[in-house]
Structures are given as C-alpha cells and as structure tokens.
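User: Hey, can you walk me through this protein? I'm new to reading structures.

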Amino acid sequence: MAKILWNDQIVSEQEVKIGYEDRGYQFGDGIYEVIKIYNGDVFTATEHIDRLYASADKIQLVIPYTKDVLHKMIHELIETNEVQNGQIYLQVTRGTTPRQHNFPIPAVESVLTAYTKETTRPLDQLENGVKACFVEDIRWLRCDIKSLNLLGNVLAKQEAISKDCYEAILHRGETITEGSSSNMYGIKDGVLYTHPVSNLILNGITRHVILDCCKEVGLPVVEEAFTKQQALEMDEFIMSSTNAEVMPVISINGQAIGNAKRGEWTEKIQQAFEKKIPTSYKG
C-alpha cells in the first residue's frame, strides 16, 4: 500500500488524519503542485518547489520547512513508494482551526500532504493530437496563484469533456488566456504566440520548458495575447501541462487547426522536450 507524506512524516494512508475544520477543506485555503516523475526522478522539481513557495507568499501562508528539506522529503516519498513513472501531488493548507473567514489568530501550523501515483505518458495523443473547445473564463483574477480554489477550472473541464473534448480553451471576452488545466500556444507563419505572464494565467513550469525548447529549435516566441478567431486561424496549436507535456491540439470547436495533424514545429518542440526528460535517477 502506498505511503503518504503527512507534514514531515511518511506514513500509511490510515495514519493520515485531516481535521474537518482544516481550512483547505472548508475554504480552499491552500496551494498545491503536481510534479512529474520520469524513471524514478522528479522533473523540474526546483521550479515546482519555487513556485509553491511563491504561491505561499502571495497568500501569506507559511510553509514550515525549508526548500531543501521539502526536496529531501519528496525524494524519500518517491523512493519509499518505488515510483518509476508517474507524478507526485503536493498540497499545503493554512491548517486546522475553528471556522472563521479571516486568518487564524494566533496562527496555526500549516498542513502538508503529498502522495505519488503511477501514470503512463500519453504517447498516442502526443502523436495524434486532441480536440479542444472554447469556454468562457469565469474564474477569479489571481490565476497566477496555484491555489486549491479550482471549481471554475473543474466546471470548464467538465464542459469540455461533455463535448467530447480533451481540454477547455478559456477566454475572457475574445481573448484566449489558458486552459482549464494547461497553458495555450498558437503557431502562425513560423512564430509561436502565447499569453504573457500576468495574473490571468498560471505561469506553467512546462511552459518555461517549452519556451526554452523554442529557442533550441529556432522558433521565435511572442508573448502576446491572441483572440479566439486568431486561434482558429493558427497553423498549429499546442497545449501544455505537467502530465500533457507538449500536446498538439488538432481541432477547436469542431474546426480543424492546420491540416488536423501534429505540425512540424510541434514535433520539433516535442523532440527537444524529450531530450530533457531524465533517463535515470540522479539522486
């Protein structure tokens, strides 16, 4: 049976006890990260942990461990569960305290939980692409914080699934922001376009990797918002996330993008991304 990281201890599932007044449960008052595991090693762990602490700072949440200690605990959890390929989910809430909307006075210790999960890479979809649809972005205005408040994302994803689509492409008015659980990119005339970093999108870790890959393959990048109509007119379209990696989108709202196949630039980015994946555990 898989072990769970609960605060600073690795325990069995039965030993984890989350209070019914935990603020993550009652208010969504917390933050999280999902980190990919390839060949027993965590991918871009430093960037994910840095973003976790940045999200914590933005909501005035204190993580009671240093980054180095958290890295060590995560690696111990992966080794304990003997995960080769999959993911680790990590969450920190503001803690358990009698219910009140304002922060606890005095402050209580935050609650950290993490678990691992074996998953396989979506190789067929990475080659053949997926379908997406437009969904109005009705979320709050601090999408840069990777918080537990995901109901807007959940509703958007469910709308996409109900339309037999893999992902929802969110838009505020006519402007594309991101996906319900991903970042979005369009390629037109040999240039990649993506929404600039702001409070309206989560600055994805895979997004950073993709922008580095673009430099390596000679694809110019313009961090500039584009519209729904421009999205439909792209030569190629990509979405990205920790688990989706560099995912080609071959149709939006039933309309083919390009030739409805993975494009040449997308494949080049995928190949550059592939070279960055750990081939063995480095410790």
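This is a predicted model: local features need pLDDT of at least 70, side-chain atom pairs count only at pLDDT 80 or more; totals for chains, interfaces and linings use all residues.

User: Okay, let's start with H5. Which residues does helix H5 cover?

Analyst: Helix H5 takes in residues 151-162, and Val154 lies in it.

User: What span should its 12 residues have, and how far apart are the end C-alpha atoms?

Analyst: At 1.5 Å a residue, the 12 residues of H5 should span 16 Å. The end C-alpha atoms are 16 Å apart, so the two agree.

User: Which residues of H5 are buried?

Analyst: Asn153, Ala156 and Ala160 are buried in H5. Looking down the axis of H5, you'd find its buried residues within an arc of 65°, so they line one face of the helix.

User: Which residues make the nonpolar surface patch?

Analyst: Leu151, Val154 and Leu155 make it, and the patch is about 300 Å².

User: Is Val154 buried, exposed or partly exposed?

Analyst: Val154 has a relative accessible area of 48%, so it counts as partly exposed. To be called exposed, a residue needs over 50%.

User: What follows H5?

Analyst: Asp164 comes after H5, and its phi is positive, near 60°. Asp164 lies in the loop between H5 and S8, and that positive phi is in a residue other than glycine.

User: Is Asp164 buried or exposed?

Analyst: Asp164 is exposed, with a relative accessible area of 54%.

User: New topic: what about H3?

Analyst: Helix H3 is residues 67-81, and its 15 residues should span 21 Å at 1.5 Å a residue. Its end C-alpha atoms are 21 Å apart, which agrees.

User: Which residues are buried there?

Analyst: In H3 the buried ones are Leu70, His71, Met73, Ile74, His75, Leu77, Ile78 and Asn81. Just after H3 comes Glu82, which takes a positive phi of about 55°.

User: How does H6 look?

Analyst: Helix H6 runs over residues 205-217, which makes 13 residues. From its first C-alpha to its last, H6 reaches 19 Å, close to the 18 Å expected at 1.5 Å a residue. Its buried residues include Ile205, Arg207, Leu211 and Cys214.

User: Where is His195?

Analyst: His195 is in the loop between strand S11 (191-194) and H6.

User: Is His195 buried or exposed, and what does it touch?

Analyst: His195 is buried, with a relative accessible area of 7%. Leaving aside residues up to four places away in sequence, His195 touches Thr175, Ile176, Thr177, Met184, Leu200, Ile201, Arg207, Glu224 and Ala225. One of those, Arg207, is also among the buried residues of H6.

User: Which peptide bond is cis?

Analyst: The one from Ile105 to Pro106 is cis, with omega near -5°. Pro106 is in the loop between strand S5 (86-93) and strand S6 (111-118).

User: Now Leu232. Where is it, and why does it count as buried?

Analyst: Leu232 is in helix H7 (residues 228-232). Leu232 counts as buried because its relative accessibility is 16%, and buried means under 20%. Beyond residues up to four places away in sequence, Leu232 touches Phe134, Ile252, Gln255, Ala256 and Ile257.

User: How far apart are Leu232 and Asn259?

Analyst: Leu232 and Asn259 are 27 residues apart in sequence, and 12 Å apart in space, C-alpha to C-alpha.

User: And how far is Thr279 from Asn259?

Analyst: That pair is 20 residues apart in sequence and 33 Å apart in space, C-alpha to C-alpha. Thr279 is in the segment after helix H8 (264-276). At 68% relative accessibility, Thr279 counts as exposed.

Technical notes
Residues are numbered from 1 along each chain as its sequence is written. Side-chain values use heavy atoms; hydrogens and water are left out. Helices (H or I, at least four residues) and strands (E, at least two) are DSSP runs, numbered from the N terminus. The expected span of a helix is 1.5 Å times one less than its number of residues. Buried means under 20% relative accessible area, exposed over 50%, partly exposed in between (1.4 Å probe, protein chains only). Patches are made of residues with over 30% relative accessible area and no salt bridge: like charges are joined within 9 Å, nonpolar side chains (Val, Leu, Ile, Met, Phe, Trp, Tyr) within 5 Å. Accessible areas come from the Shrake-Rupley method with a 1.4 Å probe; for residues, only the protein chains shown count as cover. A salt bridge is a side-chain nitrogen of Lys or Arg within 4 Å of a carboxyl oxygen of Asp or Glu. The arc is that of the directions from the helix axis to the C-beta atoms. Contact means heavy atoms within 4.5 Å.
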